[in-house]
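Dear colleague,

I am passing on the structure that we discussed, so that you can look at it alongside my notes.

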Amino acid sequence: EDISSSSNGPKAEPMLLDHDPDDLFAEATEEVSLDSPERQMILSDGPSPAITPVTINPRADVFDRSPDQDEDEEENRDTFDIQISVSDPEKVGDGMNAYMAYKVTTKTSLSIFSRDEVCVKRRFSDFLGLHSKLASKYMHIGYIVPPAPEKSIVGQRLGRRSSAVTELDPDAKACLCCRYLLRTVKQPALLKDPDVLQFLESSELPRAVSTQALSGAGILRMVNKAADAVNKMTIKMNESDAWFEEKQQQFENLDVQLRKLHASVESLVFHRKELSVNTASFAKSAAMLGNSEDHTALSRALSQLAEVEEKIDQLHQDQACADFYLISELLGDYVRLITAVKGVFDQRMKTWAKCQDAQVMLQRKREAEAKLQHANKPDKLQQAKDEIREWEGKVQQGERDFEQISKNIRREVGRFEKDRVKDFRVVIIKYLESLVHTQQQLIKYWEAFLPEAKAIA
Amino acid sequence: IFLCVSPQQEGLDDGPDFLSEEDRGVSFFFPFLISVLSLSSYCVLCMCVSTLPNFKQNEFSVVRQHEEFIWLHDSFVENEEYAGYIIPPAPPKPDFDASREKLQKLGEGEGSMTKEEFTKMKQELEAEYLAIFKKTVAMHEVFLCRVAAHPVLRKDLNFHVFLEYNQDLSVRGKNKKEKLEDFFKNVVKSADGVLVAGVKDVDDFFEHEKTFLLEYHNRVKDASAKSDRMIRSHKSAADDINRIASTLYTLGTQDSTDLCKFFLKVSELFEKTRKIEARVAADEDLKLADLLKYYLRESQAAKDLLYRRGRALVDYENANKALDKARAKNKDVLQAETTQQVCCQKFEKISESAKQELIDFKTRRVAAFRKNLVELAELELKHAKGNLQLLHSCLGVLKGDT
C-alpha cells in the first residue's frame, strides 16, 4: 500500500529499575491539581479512527482505512510486551444515570499480570479515579504521573472570542484514554502499582466517586488548587542545584513553544477541513458547468475535472485527519505532560519548604527548651526535649525526602526526555509519510486528468 | 497600424492568457504604481500601453488609468454600430483592499512577533501585492488585445485615440447621477431581458444559444465563486504551515536533546513545502479562478448581445404591427414602411454578425479552457512532484539519523 508504516519499534524498557522501594507517605495531604483547561479547538465531527489494538507506540494508529494495519501491529510488538486497546464505546443505562462504557483490552506476557489477555469494562470516571490515586501516591515523591484524560474541552472557536465547552465524541475519548493508559504502564513504577493492575484486570471496580465535580472531594480539590497557587507565589527557594534551575527554564520555554505550535496545527487542521469542504463544493459546481457546456470534449473534460477535485477533497479530509490525530494530539498530550512535569518541580519546592519549616520549628523548640532550662520546670522540660527529638526526626526525614525527590526527578526527567525524543521522532516521521502519500495520490489523479484535458479538440 | 506579437515582461507570462498567440497585438511595458505600500487609501494604477510593431516609427506608448479603460469599453457599448458584436468585457477594477488590510494588520502586530517573522511576512505581503498587481495589468492587457483582434472594433476611432493621444484623456469617472442612470438602465434591462427571453425565437440557432448562455452564465458564476473559496482555504493552510515552520525553528534552537537537529530539519522542509503550496494556490488562481472569472464576464457580454438582438427583434415586430395598422388606416404608410425597413435591416445586420460572434465565442472558449486546464494539470503535477522530492529527501535524512 502507499502508506509506508515502517516505523521504528520502541526500544525495550528495562523492566526492573533499581530505584528505591516506594517510600510512600501514608497520608496524602494534597489533592492532585488537575490541569487547567487549555485552549483547544473544538473537535468537529471528523471521521473517527477505529480504535484497534495499539502497541506501545503511544499513538493510536490513524490510518483506519488501511487494511493492513494489523500487519503494523505484528511489526511493532517489542520486548516490553504489553498491548492495550480502548474500544467499543457503548451506552449503558438510561436517563440521568446513563454513561459510556469502554472496553479495555490488555494483552501481555508479563508475569505480574494474572492472565495473558484481559478484557474489562470501564467508564470514563474510572480513568479519572485511577489518575487521582496514582497522583496522590507518586507525585509528591517526584514521579511524573501522566495527566488524566479530559472529559471535555474548553475551546476557543477559531476566529471568535467566545469559548465553549464541548464533550469529546466517544471515539476521540477512547483514543485519549488509550494513550493515557499506555503512558501510565510505560512507567515501570506505575506498571507495578496495585491500582493499575486492578484497573486493568479486575472485572469490578469500585466507583470513583471523588471525581465527580460537585462532590465534596471536588470542592476540596478546587480549594487546594487555590492554596497551591498562593503557596507557589510565596515559596522562594534557594536553588543550590543549577541543574534544576536550568531544567525548569527549559521546560518553561518548551511549554510556550509547544502551545504555540499546537495552536498553529489546530489552525491548519481547521483550514484543511475547510479546504476539503470547499473543494467538494467546487467539484459539484464544476460538474454542473460541464453539464451545461455544449462542446462535447470540453464537457467531458470538465466532468473529469470535477471527479478529480472530488477525490482531492477526500485526500484533504484524510490529511486533516492525520494532521489532527498524529500531530495535534501529540502536542496536546505533551502540553499536558509538561504541566505534570512542572507540577513535580513544584512538589520538590514544597518538600523543600516543608523541610525548611521543620528546621524553623526545631529551632523554636530548641529555643523553648533553652528558656525552660532557665525557668526550672522539670516536667515541661522533658516534654520540650521530647518535642526536640520529634522535630529533629522530622528535619532529618524532610532532608531525606528532599534528596529523594530530587533524585527521583532527575531520573524521571531523564526518562521523560528520552521518551519525548522517541515520541516526536516516531510521530513526525509517520506524519511526513502521510504527506508523502498525499502527494503521491495527487500525482496519480492529475496524471490521469492531463490526457483528458489535452483531448479537448 | 501593423501590430505584432511582442515579448512579454518577466512574470507576465504567468498572467491569464485567454487569447491565442496570433491574436496578441498589444503589449505592456512594466507599469508603475504610485504610492504602493502606503497606508493611505488612494492608490493610482497607471499603465504604460505600447504597440511594438516591426517598424519602429509606428511605435508609441501612453499612460492610461483604469477609468480610461472603462471609458473606452463604455464607448463601445453605447455605440449602436457595434450592437451586433460581443463587446470585450471591461477589465476589473484594481483591488488592493485585501492586501492593504493585511499590511495594516502587519503593522499593528509588529510588536508581537520576532524580527525574522516580521521580515518574512513583510516580504510575502510584498510578493502578494506584486502578484495582484501583475494580474490586474494582465487583465487590462487582455481587454485591449481582444479589441485589437476584432476586425471591426480595432478600427474604432476612440480606440486609436486611446492608444495614441499623448495627453490625459480627461475622462472623469462617472459621477453619481450617471452611475444612478446606469443602475436604472440595468434594472430596466434585466426586466426587459426576462420579457425578451420569454419570446421564443424562430431561429433555432439563437434559441439554443439563448438557453445555453443563460444556464452557462449562472453555472460559471457559481464555479467562479466556489473556486475562489477553495483557493482561499488553500492559501490559509499555506500560511499555517509557515507559522508551524517558524515555531519548529524556535524549538530546534532551544531544545536540549537530539530533537533540536530534527526540528530544524523539519522546519526547513516545511519552509520549502509551504512555498510550493502557496505556488499551487497562486497557479490555481491564475489558471482556474481567473479563467472562470473571465468567462463569466464574456458570457455576460454574449448575453448582452442576445439582448440587443432581442430588442431589435421586438422593435422589428412592433414596426411590422405599426405598418399593418398604418396600412389599415391608410395613414403615414410611407413613414411606417421606412421605419419597418430600418428595423428590419438593423435586426438582420445584428443577427448576422451575432451568429458569427457567438460561434467565435465558442471557439475561443474551448481553446482557452483547453489551454488553461492543461497548464493547470501540468503545474499541479510539477508542484506535487517537487513536494514529493522534498519530503523524500527529508525523510531520508531523518530516518538515517535514528
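Below are my notes on the interface and on the cavities.

This is a predicted model, in which local features need pLDDT of at least 70 and side-chain atom pairs count only at pLDDT 80 or more, whereas totals for chains, interfaces and linings use all residues. Residues are numbered from 1 along each chain as its sequence is written, chains are lettered from A and ligands numbered from 1 in the order in which they are written, and side-chain values use heavy atoms, with hydrogens and water left out.

The contact (heavy atoms within 4.5 Å) takes 57 residues from chain A and 62 residues from chain B. The buried area (accessible area, 1.4 Å probe, that two parts lose on being put together, summed over both) is about 5,500 Å², with 71% given by carbon and sulfur atoms. On the chain A side, A:Phe282, A:Arg425 and A:Trp446 lose the most area to chain B, together 11% of what that side buries.

Seven salt bridges (a side-chain nitrogen of Lys or Arg within 4 Å of a carboxyl oxygen of Asp or Glu) are found across the interface, and B:Lys399 and A:Glu433 meet in a salt bridge at 2.6 Å, N to O.

There are 14 cavities of 30 Å³ or more, a cavity being a set of points on a 1 Å grid over the protein atoms alone where a 1.4 Å probe fits but cannot get out, lined by residues with an atom within 4 Å of a point. The largest holds about 560 Å³ of space, and among its 40 lining residues A:Arg272, A:Gln319, A:Leu435, B:Ile241 and B:Glu277 are the closest to its centre. Volumes here are the space filled by probe spheres set on the points, which are joined across faces, edges and corners.

Best wishes

Key. On a 1 Å grid over the protein atoms alone, a cavity is a set of points where a 1.4 Å probe fits but cannot get out, and a pocket is an open set with protein on both sides within 12 Å along at least five of seven lines; lining residues have an atom within 4 Å of a point.
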